[in-house]
Every structure is written in C-alpha cells, then in structure tokens.
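Please keep the sequence and the structure in view while reading.

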Amino acid sequence: MWQQWKNGLPESPDYFPIGVWLQSPDNARRYADAGFNLYVGLWEGPTEKQLAALTAAKMRVICEQNEVGLAHKNDPIIVGWLHGDEPDNAQEVIDKASGKKSYGPFIAPEKVVETYHKICTLDPTRPVLLNLGQGVANDSWIGRGPGAKLSDYKTYVLGGDIISFDVYPVSSGLPLNLVPKGIDRLKEWTSGKKRVWNFLECSRIEGKGKATIKQVRYQTWRSLIHGSRGLIYFVHQFQPRFTEHA
C-alpha cells in the first residue's frame, strides 16, 4: 500500500484515510472521537504548537513542507506533504498598494510538477498530496480563467503521489454525480497508478444550500464505489458568518 514511503500512511489493510480539512489541532481529540483519523492542512503551519497538539491527540497530519515541518522529518505524526491547494484555479492576487483583491491566471501544470519534485528532493520518505479544483469534473466551471484546458490535468496529476479534487454540488447548485465523475477522470488520467482521494461537503459553505445527511451519505458511497481511496471532509462555513467547524 504505502510501503515505498518510510514515513507515510499506515500500511495496515484496515486503515482507510478519513480526513478533515484545515482544522484547529485543539479539536483533534474531538475529531478522533468522531471517527476521523487524519488532519489535512494546518492554518499558517505547521507550527511547533500545532504538531504538539496533534501528537497529544495521536492525530496524523498531511501538511505543508515548511521549515518547521522539515525539522520534524523523523516525526511520525506527519504522514505526508501537502502541495499548494487548487493550483488549477485562477489564483488570488492582492495589490500591495491598495489591498484590493483580484484574480490572476492558474498555476501552470509544469510549475506544479516542478514544485512536486522539489518537495520530494527535500524529503522522499513521505507521499505528496495534490488537491485540484472542481474543473476536474465540472466542464462549465469558469474559475480556472482564460487559457485553461481539460488536457492540463494530464500534466497536473504528475505533480503528486495522492491526487484529490473538490467539488461541492449542493452548495454550488450542481449535480451530485460530479463527485464520481471527477474520481473516474482522475483514475483515467493517472492510469490507475496513483491514489485518488476526494473532498466531501457537509456544511453550508457560502450560506446557501447545505447537504443533507442523505446527500452526504450518497456522495460518500458514490466516492467509494468509484474507487476513491481516501475521503476529506470540508466543514467550513464562510457566510453569513465564518465558522471553522460548521
């Protein structure tokens, strides 16, 4: 399973990654009690404090490869490195003078692959998780910006060992079948040679539609049936007020 990575995820056949995205390590014990076994992403981290809290809670993490993370190369609590999120989408740009936000182009797939190799050079003992946006499944998505092509993804998937994607159909008013569609595409683009994971919605993300328990269950089982080998739950709410664990 994960034998090629000395410090990767557990090799036990009864281990299945059930992750949660970008949550405070202070709540790690509560997530473990709820059945989660993996944190994915750490806000402005990893920091020493965050890793200490996760260690106390025995919660494994896939996080960015910063100086603190590299100082913990031998720390078993880190089981993977996280690539920059959604590089296939148009990237936010902030004007330094005015603070005004706008969007620039997506990150070129070749650049993503280049960064992947740099991460692997600094630590080849852990897998790299690359998460892509809804363009994997939603052909109507305009959030990638000008010049984007579906064929870009055949190069993007070379930029990680675990390839995941996110689409939140209920919150976005999209068909539920985009979830399995994206998994099928990632399996095709990776020729079945890489682990394919996906995100699942379970909150009122932008203050609009919230997936019901039945809809979350549907998306979960469709993911598993279509071959997802890891699930990451997105539990943030941004509108009408921000809640990290909605």
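Glutamine 50 has its place in helix H2, residues 48-57, where helices are DSSP runs of H or I with at least four residues, strands are runs of E with at least two, and both are numbered from the N terminus. The model is a predicted one, in which local features need pLDDT of at least 70 and side-chain atom pairs count only at pLDDT 80 or more, while totals for chains, interfaces and linings use all residues. Residues are numbered from 1 along each chain as its sequence is written, and side-chain values use heavy atoms, with hydrogens and water left out.

Two residues can be set side by side, with buried meaning under 20% relative accessible area, exposed over 50%, and partly exposed in between, for a 1.4 Å probe and protein chains only.

| Residue | Relative accessible area | Class |
|---|---|---|
| Glutamine 50 | 12% | buried |
| Proline 105 | 62% | exposed |

Leaving aside neighbours within four places in sequence, glutamine 50 is in contact with Pro25, Leu42, Trp43 and Gly45, contact being heavy atoms within 4.5 Å. Proline 105, which lies in the loop between S6 and H4, touches Asn89, Ala90 and Gln91 when residues up to four places away in sequence are not counted.

Helix H4 takes up residues 109-122, and its 14 residues reach 20 Å from the first C-alpha to the last, close to the 20 Å expected at 1.5 Å a residue; the expected span is 1.5 Å times one less than the number of residues. Its buried residues are Pro109, Val112, Val113, Tyr116, Ile119 and Cys120. Because these cover an arc of only 115 degrees around the axis, they lie on the same side of H4, the arc being that of the directions from the helix axis to the C-beta atoms. On the other side of H4, Glu110 and Thr121 are exposed. The cover over the buried residues of H4 includes strand S4 (78-82), strand S7 (128-132) and helix H5 (153-156).
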